[in-house]
Amino acid sequence: MDRAGTRRLPWILLASWGASRLVLLLYVFKVLVFPGPDVTGDVSFIYHGWYEVLRTGTYPQGDVTWQYPPAAALAILSPALLPFLDYASAFFVLALLADLAVLTLLLHAGSRPGRTRRGAWVWVVGLPLLGPTVYARYDVMVTAVAVAALLAGSRHPRVMGALVAFGALLKVWPVLLLLGARTRAAWASAAVTAGSLALLFALAMPGAFDFLSFQRDRGTEVESLGALVFHVARQFGWNGQVLLNYGSVEFLGDYVDVVSNAALLLSAAAFAWLLLWRARARRFAPHTLADAAFVAVLMFTTTSRVISPQYMVWLVGLAAVCLCFRASRMTTPAVVVLVASFVTVLEFPIWFGHVVMSDWLGVTLMFLRNGLLVLATLLAALELWQEHAPRKGRGELRDQPHATRSQEPHPGVWERGPQRMGTGRGGGGETLDQPS
């Protein structure tokens with residue numbers, strides 16, 4: 001703030017965003033050559049191929065690489081908004097605009113009382129760590145919708161619900177953002193929006209839900225946590241193969257189905273833990289919604305049969321929302337995610353050939369990246385549990401569901417019966433999350 005009380009623009013942050021994004025654009029437009037295989041091929045060939053099919057009024061039926069919910073068609077068709085550019089160029093520009101939308105949302109959120117611009121810095125620094133892949137996939141667009149949903153959550157639960165539903169119909173995972181939602185309005189809005197949009201897509205074009213069977217048949221992708229079993233087994237003579245299967249590079253051979261099923265069991269266990277946390281949670285702060293979403297997506301990403309590099313975009317975006325709140329305890333997990341993002345760009349695309357070969361470099365990178373994801377997941381889950389689901393007998397702290405805005409406690413103070421207790425965390429102007 002200057003002496004007149006006017007908020008100054010964060011010029012260093014904006015300059016950092018501009019410089020880093022210019023470099024990313026130079027890579028995807030091939031002015032500069034990024035090491036490793038060309039990551040823009042998915043846009044130029046696969047996405048463009050789907051675009052031509054979708055324009056005819058049908059989903060890519062029979063194409064096993066189409067594994068996305070029906071609203072994904074909007075992302076694939078979006079380059080038509082820029083008819084003066086070729087398909088790939090238009091897609092890259094729209095990805096940049098989605099990136100800018102996330103930054104704008106984070107800056108706006110970070111300017112409010114009790115908030116901070118740490119979240120915007122996480123986004124500015126974290127996204128380019130993943131290299132040009134971030135603009136060569138539509139995940140940055142989905143992440144923009146998810147960030148908007150979370151930031152709308154506490155004040156506009158119906159808006160959040162609608163955005164979550166739309167995000168889930170783009171790429172499923174945003175449905176996890178509802179985990180920390182406390183109001184029925186958010187869930188009801190999500191259900192109505194999802195049902196309406198799903199019916200609309202089903203009636204508009206055939207094949208809207210064919211993706212469900214294609215997803216079911218996927219195996220263990222070479223970058224996933226379960227793939228570490230086969231990376232090691234290959235050193236001892238396991239005779240399986242690494243092939244392009246269902247749109248990703250997967251292990252095929254003996255025991256792959258066992259490991260794939262084990263991954264599904266881990267995901268089920270993660271879901272059970274999240275339900276237990278939700279049942280035990282007694283304390284809801286403004287940052288709880290974002291923290292819970294971050295933990296949920298971390299858990300399902302880490303235990304998934306497939307961990308594509310672009311999945312890290314989701315985690316960077318959610319970590320950025322968490323760190324918009326001064327009181328969030330997700331700082332360490334967020335930093336671990338940023339380090340994992342840097343290792344991700346090393347394993348794909350830079351040294352992806354070593355990962356496919358399962359040589360010492362590839363195996364080391366996969367153990368390091370996936371180990372960091374496991375560490376971030378455990379740390380984040382521990383923080384979420386300790387803060388919001390205290391053990392019985394230690395004086396559970398509860399929010400005040402019927403408090404009016406004028407009755408809200410002083411920032412950083414929680415109500416406990418007729419007495420007040422300081423959190424010791426410096427709430428910095430945050431107020432208790434109020435249900436609608």
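This is a short chat about a predicted model.

Visitor: Hi! Which strands make up the open sheet, and in what order?
Guide: Hello! Three strands form the open sheet, in the order β1-β3-β2, and the pairing is antiparallel.

Visitor: What stands at the edges?
Guide: β1 (220–221) and β2 (241–245) do. Each has a single partner strand, so one side of each is left without a neighbour in the sheet.

Visitor: And how many bridges join β1 to β3?
Guide: Two bridges join them, with β3 covering residues 248–252. As an example, Thr 220 has Phe 251 in β3 as its bridge partner.

Visitor: New topic: how many salt bridges are there?
Guide: The count comes to eight. One of them joins the side chains of Lys 30 and Asp 38, at 3.0 Å from N to O.

Visitor: What does Arg 369 pair with?
Guide: Arg 369 forms a salt bridge with Glu 347, and their closest N and O atoms are 3.3 Å apart. This pair links distant parts of the chain: Arg 369 is in helix α16, while Glu 347 is in helix α14 (residues 331–350). Arg 369 is buried, at 0% relative accessible area, and Glu 347 counts as buried at 0% too.

Visitor: Last one! Which residues form the nonpolar patch on the surface?
Guide: Val 23, Phe 29, Val 31 and Leu 32 form the patch, with about 320 Å² of accessible area together. Val 31 sits in the loop between α1 (11–28) and α2 (41–54), and Val 31 is exposed at 58%.

Terms used
Residues are numbered from 1 along each chain as its sequence is written. This is a predicted model: local features need pLDDT of at least 70, side-chain atom pairs count only at pLDDT 80 or more; totals for chains, interfaces and linings use all residues. Side-chain values use heavy atoms; hydrogens and water are left out. Patches are made of residues with over 30% relative accessible area and no salt bridge: like charges are joined within 9 Å, nonpolar side chains (Val, Leu, Ile, Met, Phe, Trp, Tyr) within 5 Å. Accessible areas come from the Shrake-Rupley method with a 1.4 Å probe; for residues, only the protein chains shown count as cover. A salt bridge is a side-chain nitrogen of Lys or Arg within 4 Å of a carboxyl oxygen of Asp or Glu. Helices (H or I, at least four residues) and strands (E, at least two) are DSSP runs, numbered from the N terminus. Buried means under 20% relative accessible area, exposed over 50%, partly exposed in between (1.4 Å probe, protein chains only). Two strands pair if DSSP finds at least two bridges between them.
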